[in-house]
Amino acid sequence: MELRLGADRATDAERAAVDAIVAPAGPVVAATGERFTRGGPHRAHERRHLLLPALQALQQEAGWISPGAINHVAEVLGVPPAEAYGVATFYDLFATEPQPETVVRVCDDIACRLRGTTAIDGALAAEGLGAAARHHSPCLGLCDHGGAALVQRAGAQVRSIAAPAATPPVVEAGAAGPRLLARVGRVDPASLDEYRAQGGYRALARAIEMGPDAVIEAVFASGLRGRGGAAFPTGAKWRAVADEHGRPRHVVANADESEPGTFKDRVLMEGDPFALVESLTIAGLAVGARQGWIYIRGEYPVARSRLEAAIASAREAGLLGADVAGSGAAFDIELRIGAGAYICGEETALFNSMEGFRGEPRSKPPFPTTHGLFGEPTVVNNVETLLNVPAIVLDGADAYRAAGTVESPGTRLFCLSGHVARPGLYEHALGVTVRAVIERAGGVADGRALQAVLLGGAAGTFVGPDDLDVELSFEGTRAAGVALGSGVVMLFDDRVDLHDTLTRLARFFRDESCGQCVPCRVGTQRVVEWLASPGAEHAVLDDLMAVMTDASICGLGQTATSALRSARTAGLALPRRRP
Ligand SMILES: Cc1cc2nc3c(=O)[nH]c(=O)nc-3n(C[C@H](O)[C@H](O)[C@H](O)COP(=O)(O)O)c2cc1C
Ligand code: SF4
Ligand code: FES
């Protein structure tokens, strides 16, 4: 491969930052007769997957990624510099121009803009950041607070700041009792001993007794479906990967959680990080993977450091490594940190991102179960999906099915935000109505009238106050033509200008489109323009929406107009027309 290096050279500090990521190719897991290097047993010769962590280290060290640093990382990893530059420029949290020493990214997304910036301005001023350079940011996954910001400072890890809300965020279970949230707020997230004392790691022991086939069978029989948006049966996915005998396999926890209004996975990972480590280990042993990965968005520094600590403790205790909990099987987990790109939550974009390419989705088929990470069979599951597994293994499929509906067994996490009396994360049995979810959270804040509810996220649907009896199950939402998505339930009272909300959503998709295919790249921009033109014809919007939905490569373009379409259908927010 020809490398065209420019004249720019890395500084000593930049070299050291890259070398700290790239150099230690020592064994992570040493199973008998085998040496594992970072990224699994067969990656010794192939180091491009270290590009994202190396760029991360550079950004953190210097506050930007210089041409000399790109040349160095390209040379060390054997990647053409133009490609390394292409990857660096793909991500919002990376800068390829010099930056002020401190940059603050203030969320101006749909939930936070309902509250204005007073609270976050105050929180930033209190931290001495009032005068720091500011950028707007899409949702930071802190929508249950009174405002949110992310602080990037050269030489330090990113830091998130949540402004105090009028009502502190709630973590609460509904009538079915807590399952996923059972330990959140009740266990020390840093303590493996406490996790074990509260039932942790019993499921892994049981899974080892049962053996892989029985575990997959139980997950299949439980009817568990993916909580990341696509609702695919988890057992079927696991079975397909387990059947790929003789090929290296992977399990990936998708913790990219960037759908505006969504913060459930953050709360789970911050409050109960060992649960994700244990669940992913069960998945790995069940499908015969030796390598697990957690891809977490870069905007979640607290969850990241708790997971890092949990993985290290589990390794030390022999719950990860060459002989997991005495099972004779090898399995380890690596954390990968995203860098500000919503599209990287799409599973194939996530693989590209992890492999050191731009986070652009791949065409499907082939599907991840046969051609996933590094082209190898891969299970990718959402964090919440995985956290259902320990209870299924321990109590069996029938007990799991005791909550929820026949088609949608189990419980679901709902992220309540916007004009709701008690914002926070609520666990309910699937099949609960929108009305019950809102009532549990105290109804509309300040006793105002409800104008609309956004269900499922930015790619979701608006419903009006007359549609609150919709059942939140996979079949209930399908029948009603609304989205369950990532469990967003965002309330808008009668004072909100929904046209402003729709415009922010449209800008979000325009900014986050990877630009790979024309219907999405051009269409998302045209929607922004359409919303800004008071006299625009509805027929034009209809054509745009049809082309984007039908012809986009991936879910981003296909669902980018879903909320707008639903708002128009429900007569909620017709764009202003020229008088
Ligand atoms: C644009 C886009 C963004 C996505 N973001 C996420 C995400 O942040 N987290 C997630 O779990 N799934 C996300 N998904 C869905 C994943 O592609 C995939 O279906 C999911 O991780 C599979 O896990 P599950 O079966 O457990 O739901 C996204 C999909 C699209 C199209
Ligand atoms: S639909 Fe949008 S995000 Fe998806 S591949 Fe096409 S341009 Fe990229
Ligand atoms: S953190 Fe601001 S909208 Fe989610």
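Author: Helices are DSSP runs of H or I with at least four residues, strands are runs of E with at least two, and both are numbered from the N terminus. This is a predicted model, in which local features need pLDDT of at least 70, side-chain atom pairs count only at pLDDT 80 or more, and totals for chains, interfaces and linings use all residues. Residues are numbered from 1 along each chain as its sequence is written, chains are lettered from A and ligands numbered from 1 in the order in which they are written, and side-chain values use heavy atoms, with hydrogens and water left out.

Reader: In which helix is the place of Lys264?

Author: Lys264 belongs to a helix that covers residues 264-271. That helix is α10.

Reader: Is Lys264 buried or exposed?

Author: A residue is buried under 20% relative accessible area, exposed over 50% and partly exposed in between (1.4 Å probe, protein chains only). Lys264 has 1% relative accessibility, so Lys264 counts as buried.

Reader: With which side chain does Lys264 make a polar contact of 2.9 Å?

Author: A polar contact is a pair of N or O atoms within 3.5 Å; within protein, one must be able to donate a hydrogen and the other to accept it, and residues adjacent in sequence count only if both atoms are side-chain atoms. The side chain of Lys264 is joined to that of Asp265 by a polar contact of 3.1 Å. The polar contact of 2.9 Å is with the side chain of Glu384.

Reader: Which residues come closest to ligand 1?

Author: A residue is near a molecule or strand if one of its heavy atoms lies within 4 Å of it. By that rule, 20 residues surround ligand 1. The closest are Gly228, Lys237, Asn381, Asn382 and Thr385.

Reader: How far does the side-chain N or O atom of Asn382 lie from an oxygen atom of ligand 1?

Author: Oxygen atoms of ligand 1 have a polar side-chain atom of Lys237 at 2.8 Å and a backbone N or O atom of Glu347 at 3.0 Å. For the side chain of Asn382, the distance from an N or O atom to an oxygen atom of ligand 1 is 2.8 Å.

Reader: Which element gives the largest share of the shell around ligand 1?

Author: Two elements give two or more residues to this shell, β9 (378-382) and α22 (555-559). The largest share is three residues, and it comes from β9.

Reader: How many charged residues does the shell around ligand 2 have?

Author: Ala, Val, Leu, Ile, Met, Phe, Trp, Tyr, Cys and Pro count as nonpolar, Asp, Glu, Lys and Arg as charged, and the others, Gly among them, as polar. Around ligand 1 the shell divides into five nonpolar, nine polar and six charged residues. Around ligand 2 there are eight nonpolar and five polar residues, and the number of charged residues is none.

Reader: How many disulfides does the structure hold?

Author: A disulfide is a pair of cysteine sulfur atoms within 2.5 Å. Cys514, Cys517, Cys520 and Cys554 are among the residues that come nearest to ligand 2. The number of disulfides in the structure is zero.

Reader: Which residues are in contact with Ile553, leaving aside neighbours within four places in sequence?

Author: Ile553 sits in the loop between α21 (538-551) and α22, and is partly exposed at a relative accessible area of 37%. Contact means heavy atoms within 4.5 Å. With those neighbours left aside, the residues in contact with Ile553 are Ser363, Gln516, Cys517 and Gln558.
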